[in-house]
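Here is a friendly briefing to read alongside the model. Please keep the sequence and the 3D view open as you go.

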Amino acid sequence: MIEIQNVRKSFGSLEVLKGIDLTVEKGEVVTVIGGSGSGKSTLLTCINGLEPIDAGRIVVDGTEVHAKTTDLNKLRRKVGIVFQQWNAFPHLTVLENVMLAPRKVLGLPKEKAEEIAVKQLTHVGLGEKLSVYPTRMSGGQQQRMAIARALAMSPEYMLFDEVTSALDPQLVGEVLDTLRMLASEGMTMICVTHEMKFAREVSDRVAFFHKGVMAEIAPPDALFGAPKDPELQKFLAATH
Amino acid sequence: MFNTALTISDLGFLAQGALMTLAVTAVSVAAGTVLGVIFGVVRNQIGPYWSAPLTFVLDVFRSVPLLIQLVLGNAFQSIAKLGWPPFTTSCVVLSLYTAAYCTEIVRGGIASVPPTTRRAARSLGMTWWQDMRYIVAPLATRVSLPSWIGLTLGVMKDSALVLWLGLIELLRASQVLVTRLQEPLLILMICGAIYFLISFPIARLGGYLEKRWSND
């Protein structure tokens with residue numbers, strides 16, 4: 001369970017998160033929508049401790065993320081994140097990209113790490129690309145590789161930060177299909193996305209962020225069907 | 001055929017000089033690179049403000065002519081009663097000189113690795129050290145290699161200046177022969193050819209590694 005309690009975060013004088021409360025249960029899929037600069041991506045990077053927070057607390061399975069005693073490297077094995085930019089390691093092949101963390105972070109033997117990497121890459125449809133360098137692949141393929149790389153650590157939670165925003169339109173589908181597959185397998189996910197149709201399909205709940213505040217959160221039918229917040233109404237009208 | 005007074009033993013003398021050039025270069029480039037990597041990483045980690053004193057010292061080593069550094073370094077070790085032989089003094093000064101340049105190369109190489117790539121590594125649970133070792137080091141090395149090869153070749157040629165501390169390296173050995181045999185053209189051509197023979201493999205190694213790392 002991920003518990004986010006009254007989290008505040010500023011970059012300089014700009015307050016990007018103004019007291020966010022959100023609890024995500026095991027097995028739940030929560031998507032976060034909202035305009036640029038609404039703080040949704042920042043929240044994700046705070047959840048696995050890549051960004052410090054100014055106030056409030058985030059607790060993952062009883063571990064307070066920003067406590068001084070928390071071993072963030074250990075926590076991050078549990079909470080995978082995939083970014084808008086897929087950030088392939090360009091000097092490693094696709095297989096090596098996915099094997100690296102299981103070998104070095106989990107300390108698995110080479111054969112075991114390779115077995116996991118092949119399994120995850122096959123799962124996201126890249127079983128044929130094992131020995132290719134990532135720069136030789138399309139953005140969609142690289143993003144799926146990044147997803148496999150995160151999954152290879154067997155995380156219990158996955159955070160997706162606008163993973164399709166940097167892709168050409170024709171490549172968005174293959175990545176969303178991968179996310180749909182994960183959701184159907186019961187992975188606990190928080191997805192920041194601009195894909196409204198996708199959000200509607202996979203989410204248990206959808207949260208709308210506006211200027212650092214979670215203005216509305218509801219199951220997709222309610223949020224898209226009968227939005228209450230005036231900003232959300234405007235946002236949905238603009239995106240349709 | 002032209003006549004020359006150059007004998008086989010003279011060529012052996014030149015070869016000994018070349019070995020001295022190689023030894024001074026190898027020690028200085030090795031030590032200078034290790035120091036440069038350490039300084040470069042430190043500068044990247046602690047930021048420009050805290051590394052200002054280090055940057056200043058390295059700037060001095062980059063801007064003062066090497067000859068002056070060698071003479072002053074020798075004077076210093078003498079005043080401090082360190083009792084260093086010329087070889088040690090030469091290697092220490094050349095190492096610091098190399099380190100000053102290498103620091104900039106390393107810093108640039110590290111800075112060339114996108115922060116988002118490093119963030120991805122950390123988000124997988126890698127420690128700072130693992131990120132440095134498995135992501136930053138290989139990527140920064142690829143970017144830095146051409147400059148580092150250039151630095152190595154430069155130091156190899158600059159090492160001729162250690163003759164002022166009395167070391168008989170390749171150029172000094174040539175001078176000795178020129179003075180004795182009065183055949184400057186031939187001897188300097190041989191001397192230049194030897195410098196080339198030393199440099200060429202290093203340059204080719206650089207080209208080979210670049211090609212190998214280009215993922216093609």
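## Chain B at a glance

Chain B has eight helices and zero strands in its secondary structure, where helices (H or I, at least four residues) and strands (E, at least two) are DSSP runs numbered from the N terminus. In sequence order its pattern reads α-α-α-α-α-α-α-α. This is a predicted model, in which local features need pLDDT of at least 70 and side-chain atom pairs count only at pLDDT 80 or more, while totals for chains, interfaces and linings use all residues. Residues are numbered from 1 along each chain as its sequence is written, and chains are lettered from A and ligands numbered from 1 in the order in which they are written.

**Confidence**

- The average pLDDT of chain B is 92, and 98% of the residues score at least 70; pLDDT is the predictor's confidence in each residue, from 0 to 100.
- For the complex, the predictor reports an ipTM of 0.87 and a pTM of 0.86.
- Where pLDDT is low, the predicted coordinates should not be read in detail.

**Overall build of chain B**

- Taken along the principal axes, the C-alpha atoms of chain B fill a box of roughly 70 × 50 × 25 Å.
- Chain B has 216 residues, of which 35% count as buried. A residue is buried if 20 or more other C-beta atoms lie within 10 Å of its own, exposed if 12 or fewer, and partly exposed in between, with C-beta atoms placed from the backbone.
- Of the contacts in chain B between residues at least 6 apart in sequence, 78% join residues at least 24 apart. Two residues are in contact if their C-beta atoms, placed from the backbone, lie within 7 Å.
- L197(B) is found in helix 8 (residues 184–212) of chain B, and it counts as exposed because it has 10 C-beta neighbours inside 10 Å.
- From L197(B) to I79(B) the separation is 118 residues in sequence and 39 Å in space, C-alpha to C-alpha.

**Where the two chains meet**

- The contact draws 17 residues from chain B and 19 residues from chain A.
- On chain B, helix 5 (115–123) and helix 6 (128–158) each supply at least two residues of the side that touches chain A.
- That side of chain B is made up of seven nonpolar, seven polar and three charged residues. Here Ala, Val, Leu, Ile, Met, Phe, Trp, Tyr, Cys and Pro count as nonpolar, Asp, Glu, Lys and Arg as charged, and the others, Gly among them, as polar.
- Helix 5 of chain B has A120(B), A121(B), R122(B) and S123(B) buried.
- Those buried residues of helix 5 of chain B pack against helix 2 (72–78) and strand 6 (79–82) of chain A, together with helix 6 of chain B.
- After helix 5 of chain B comes G125(B), with a positive phi near 95°.

**Helix packing in chain A**

- Helix 3 (residues 94–104) and helix 4 (residues 110–123) of chain A pack at an angle of about 125°, their axes 8 Å apart. Axes are lines fitted to C-alpha atoms, for helices over the stretch in contact, and angles run from 0 to 180 degrees between N-to-C directions.
- Helix 3 of chain A and helix 4 of chain A are therefore oblique to each other. Angles under 35 degrees count as roughly parallel, over 145 as roughly antiparallel, 65 to 115 as roughly perpendicular and the rest as oblique.
- In this pair, residues of helix 3 of chain A including V94(A), L95(A) and V98(A) meet residues of helix 4 of chain A including A113(A), I116(A) and A117(A).
- The residues of the contact of helix 3 with helix 4 of chain A comprise nine nonpolar, one polar and three charged.
- Helix 3 of chain A also packs with helix 5 (residues 139–151) of chain A, at an angle of about 25° and with the axes 8 Å apart.
- That angle makes helix 3 of chain A roughly parallel to helix 5 of chain A.
- V94(A), N97(A) and V98(A) of helix 3 of chain A make this contact with M145(A), A148(A) and R149(A) of helix 5 of chain A.

**Positive phi in chain A loops**

- D61(A), a residue other than glycine, has a positive phi near 45°, and its place is in the loop between strand 4 (55–60) and strand 5 (63–64) of chain A.
- D61(A) counts as partly exposed because it has 13 C-beta neighbours inside 10 Å.
- K211(A) is not a glycine either, yet has a positive phi of about 50°; the loop between strand 9 (205–210) and strand 10 (213–218) of chain A holds K211(A).
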